[in-house]
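Here are my notes on this one, as numbered points. Have the structure open while you go through them.

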Amino acid sequence: MTAELKSDQGPEEYAAPSTIEEAARLMADGDALILAGGTDLKLQTGEGRIPYKKRLVNIRRIADLRGVTMDSGELRIGALTTMTDILKDELLGDMAPILAEAANHFASSQIRNVATIGGNICNASPAGDSLPALLVLDGEVELTCFDSGALTNRRVPLKDFFTGPGKTVKRAEELLSAVCFAVPEQRARARFLKSGPRPALEISVVSAALSALRDGNEVFHVRLAFGAVGPVPLRAMATEALLEGKTLTPQLIEEAVETLMGEISPIDDVRATAWYRGHLASVYLRRLLSDDC
Amino acid sequence: MTVNIDIRFVLNGRTVQASVPADMSALALLRDKLGMTGTKLACGEGECGACTILIDGESVNACLMYAVDCDGREILSIEGLRTEEVLSDIQQAFVDHGAIQCGFCTPGMIIQAKYLVDNNPTLSLEELQRGLEGNVCRCTGYKKIFDAISDVANAEA
Ligand SMILES: Cc1cc2nc3c(=O)[nH]c(=O)nc-3n(C[C@H](O)[C@H](O)[C@H](O)COP(=O)(O)OP(=O)(O)OC[C@H]3O[C@@H](n4cnc5c(N)ncnc54)[C@H](O)[C@@H]3O)c2cc1C
Ligand code: FES
Ligand code: FES
């Protein structure tokens, strides 16, 4: 037999709505667990790490939640957009290629075909690969819920969204409907780096993203983010502030590394030691700042 | 108590109906409920690709998929590739190249290879290698697998 938890702990109800409103109504009592691609959920529930709630709500039939659109200078990525969609999307390829960089070495082909950006955000792993990229794009998540007889939306900047490993400010009755960000300036350059012992199928040991405008050697509008160096995906705001508007010199870069070391709080785990993570973060920061990016 | 859900989907060209617990995997549905054991269980956590199937033309790991999510969709598993007594071109190429030893990875390899060949008319070796990152083979050393699939890709190009 295929080894599976013998099932009396599964959900008591199941629904596969085709509209956002139906999904939000099904979540309104706070007793629903959302199924998107399932690449995190299947294992987490199977191992008992996440208990099922009363209702399993499969949102994959909601066509409105999938795809990338641009409106009034803003890009909007629907929660169900998969990593494969992101790799293929021409709009994103033109406007925010850093997302394709992050999706390119995400898991494997089979997983990219189903893993959604909404799932990557809601899973709130400090190592989630789309997260440093979305953080340097100044991403905001859109949360939707059904309240007093109507759909309501609120927006939360991604930098305020994560509160701990697997924890966010999203309430149980809220659906993450999209992640949005202003179309980056044409001149802005953004890059993503990820490290693991293998080139593929690797949860990042450390990941890093930088977005900046460059004028000669001066850097402006600096956004810097790291994955897997603390309990949440981190916007390194002290390091950003140090770099803002300055001319990059070897000395400034070393000062930035020092500031970064004060901002991160890496841990030892099965994938790497805290020391190695700190070391990698410093290597990545030097690389991002010296690269012509 | 876990709810059972009635689902209906197309498996290898035939409509199938089943009643499945809401937390069952698509892999358990295929293997344990429908007796279609061509699709393999190895790691059970998305790392090895032995359980690869096509859903609406896209390759996925059946071990990470919920059986209830098969509802209304079209699935191709290794059993659906052969027609009558003839192997599909990718299957035949694996035989011709000796790209099979124990055979445990083979169904997943072949389904993923079909996905790659069908979706990329000019599949390069590098694209092939990247496309098979999620398929582990402990026997062949991959070379013969790459050769077999490259042959089919080049013949179709
Ligand atoms: C072998 C393997 C390799 C992996 N490699 C990587 C990797 O390289 N990089 C990486 O970042 N991740 C990786 N992952 C993790 C996983 O694939 C990603 O986090 C993926 O993006 C999750 O998306 P999903 O659609 O599958 O989410 P699901 O598993 O469906 O959901 C994840 C969580 O988010 C909740 N949720 C999902 N969507 C919503 C929504 N719209 N609103 C509210 N709640 C929601 C679910 O209830 C669940 O708690 C890997 C996983 C596996 C098994
Ligand atoms: S059994 Fe599904 S990926 Fe290994
Ligand atoms: S032939 Fe044995 S695992 Fe590939």
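1. Let me start with Asp29(A), which at 47% relative accessibility is partly exposed. For the accessibility classes, buried means under 20% relative accessible area, exposed over 50%, and partly exposed in between (1.4 Å probe, protein chains only). Arg55(A), at 8%, counts as buried. The side chains of Asp29(A) and Arg55(A) meet in a salt bridge, 2.8 Å from N to O; the term stands for a side-chain nitrogen of Lys or Arg within 4 Å of a carboxyl oxygen of Asp or Glu. Asp29(A) lies in the loop between H1 and strand E2 (32–35) of chain A and Arg55(A) in strand E3 of chain A, so the pair ties together parts that are 26 residues apart in sequence.

2. Before you go further: this is a predicted model, where local features need pLDDT of at least 70 and side-chain atom pairs count only at pLDDT 80 or more, while totals for chains, interfaces and linings use all residues. Residues are numbered from 1 along each chain as its sequence is written, chains are lettered from A and ligands numbered from 1 in the order in which they are written, and side-chain values use heavy atoms, leaving out hydrogens and water.

3. Another salt bridge to look at joins Asp129(A) and Lys194(A), with the closest N and O atoms 2.6 Å apart. This pair links distant parts of the chain, 65 residues apart: Asp129(A) is in the loop between helix H7 (117–123) and helix H8 (130–136) of chain A, and Lys194(A) is in strand E11 (residues 189–195) of chain A. Helices (H or I, at least four residues) and strands (E, at least two) are DSSP runs, numbered from the N terminus. Asp129(A) is buried at 5%, and Lys194(A) is partly exposed at 21%.

4. For a local case, take Arg25(A) and Glu21(A), whose side chains meet in a salt bridge of 3.0 Å, N to O. Both sit in helix H1 (residues 20–27) of chain A, four residues apart, about one turn of the helix. Over all chains, the whole structure has 28 salt bridges.

5. Now the interface: 39 residues of chain A are in contact (heavy atoms within 4.5 Å) with 39 residues of chain B. The two chains bury about 3100 Å² between them, 48% of it on carbon and sulfur atoms; buried area is the accessible area (1.4 Å probe) that two parts lose on being put together, summed over both. The count of salt bridges between chain A and chain B is two, and one of the bridges in the model pairs Arg60(A) with Asp69(B) at 3.0 Å, N to O.

6. Which residue of chain B does the side chain of Gln110(A) meet in a polar contact? The partner is the side chain of Asn135(B), at 2.9 Å. Such a contact is a pair of N or O atoms within 3.5 Å; within protein, one must be able to donate a hydrogen and the other to accept it, and residues adjacent in sequence count only if both atoms are side-chain atoms. Gln110(A) lies in helix H6 of chain A and is buried, at 0% relative accessibility.

7. Last, a look at chain B: Gln91(B) lies in helix H2 (residues 89–97) of chain B and is buried at 11%. Not counting residues up to four places away in sequence, Gln91(B) touches Ile78(B), Leu81(B), Arg82(B) and Ile110(B).
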